[in-house]
Amino acid sequence: MQTLAQRLAQGDHAAFAELYDACADRCHHYLVARLGSRDAADEVLQETFLRLVRQHRCLADVENLAAYVFMVARNEASRYAGRRARISERQKPLAADLFLEAKSEDPSRREMADLVSAALATLNAEQREVVELKIYGGLTFREIAVVTGVPLPTAATRYRAALERLRGWLARQLS
Amino acid sequence: MSPDPEPLLQRLTPRGSSADLRSRVLDRVSKELAAEAGPRWQRWCGLAVAAGLVLGIVSNVWISRRQERRLAELYGPMPLPASVREIAQTIESVTDKQTAEWLEERYAAAYHPQFSLPEHIQHLETFLRDLETVWKEAHREKTEGNSQTRAAWPGSVPGGRSDRERYFDLDAWLPA
């Protein structure tokens, strides 16, 4: 039986649908966090899949498809931000753009979504990227290192530093 | 609420992409895949045309050579150009018939080569050098003979040329 990567390499449309269902939501969340807007994330996610289609013959050699999709998405997001410099100024997305709970009828859930969104906004771009990829992207540190192009210990250190910062910020907010 | 950030972050659900975006992206994907199928078909057509062209050229060369061989079998070797025959006659007049024939054969071999262009040029150069050597040799012999004959006549110029002797500037023909 052929793997998903092999089917993608053959240009199988169903395989692309499968890949979309496996990664698109996580990737979209990462893009919203990175670009600060759902519209921009929509556009970049589409560009990401088009780029994957254009180079589909190389996909047979890809070992980790999820990490590869995130890497392509990251590159596309950088291109997009380069094209529209004003986007980079808006690095802090709204809680409603990021989490389902932000639109919940339960006030405590909405409060929690706002709190997490505000907490993430206190991180610098590098720390926030690692947290987004680890918690919401579901990637391992090894995969994060591949996506962001940094050594594995650096990715882990950034994550720990981000958690420390969040812990301090949350303690101050909750006291 | 606990200040531990990790469980707090994990309790939230990412909003993800919309169903509308899914259909839009997959629609673009299928269009892109379909567009890619077009050029591949065109590429095959292009390759087929190129292959046909090469085949045409090769078969043309083959047919032409075959035709030449057939004509040579039926009517003998190809006639030599008039200028070559003229040179051969001149050579014959200053040397002998055998030398003229040898030159004609050499020219015919160089003129109808069965080898590549660089080899052809090299053979042509060799032929012209041979021709020049033969001509100079014959010229030297004749000049010496005339000098000896004219020296015996009163008023003759030593080293003077006879009317039959014509001068061919072969250095101008040869490549540098």
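Predicted model: local features only at pLDDT ≥ 70, side-chain atom pairs only at ≥ 80, totals over all residues.

Colleague: Which residue forms a salt bridge with Asp21(A)?

Modeller: Arg22(B) does, with the closest N and O atoms 2.7 Å apart. This pair crosses between chains: Asp21(A) is in helix α2 of chain A, and Arg22(B) is in helix α2 of chain B. Asp21(A) has a relative accessible area of 47%, so it is partly exposed. Arg22(B) is partly exposed as well, at 30%.

Colleague: Where do Arg167(A) and Glu164(A) lie?

Modeller: Both are in helix α10 of chain A, residues 152–174, and they are three residues apart, about one turn of the helix. For accessibility, the cut-off for exposed is over 50%. Glu164(A), at 52%, therefore counts as exposed, whereas Arg167(A), at 30%, is partly exposed.

Colleague: Which residues are linked with Arg7(A) in a network of salt bridges?

Modeller: Asp12(A) and Glu18(A) are linked with Arg7(A) in that network. Within it, Asp12(A) and Arg7(A) have their closest N and O atoms 3.3 Å apart. Arg7(A) is buried, because its relative accessible area is 19% and the limit is under 20%. Asp12(A), at 28%, is partly exposed.

Colleague: Which residues form the positive surface patch?

Modeller: A patch takes residues with over 30% relative accessible area and no salt bridge. Here Arg65(B), Arg66(B), Arg69(B) and Arg70(B) form a positive one. Arg69(B) lies in helix α2 of chain B, residues 19–75, and is partly exposed at 47%.

Colleague: What makes up the nonpolar surface patch of about 290 Å²?

Modeller: Leu53(B), Ile57(B) and Val61(B) make that patch. Val61(B) is in helix α2 of chain B and has a relative accessible area of 41%, so it counts as partly exposed.

Colleague: Is Ser37(A) buried or exposed?

Modeller: Ser37(A) is buried, because its relative accessibility is 14%. It sits in the loop between α2 (13–35) and α3 (38–54) of chain A. A polar atom of the Ser37(A) side chain is 3.0 Å from the backbone nitrogen of Ala40(A).

Key. Residues numbered from 1 in each chain as written. Chains lettered and ligands numbered in written order. Heavy atoms only, no water. Helix = DSSP H or I, 4+ residues; strand = E, 2+ residues; numbered from the N terminus. Buried < 20%, exposed > 50% of the residue type's maximum accessible area, 1.4 Å probe, protein only. Polar contact = N/O pair within 3.5 Å; in protein donor to acceptor, adjacent residues only side chain to side chain. Patch = residues over 30% accessible without salt bridge, like charges linked within 9 Å, V, L, I, M, F, W, Y side chains within 5 Å. Areas by Shrake-Rupley, 256 points an atom, 1.4 Å probe, with all protein chains shown as cover. Salt bridge = Lys/Arg side-chain N within 4 Å of Asp/Glu carboxyl O. Lys, Arg positive; Asp, Glu negative; His and termini not counted. Charge placed at Lys NZ, Arg CZ, Asp CG, Glu CD.
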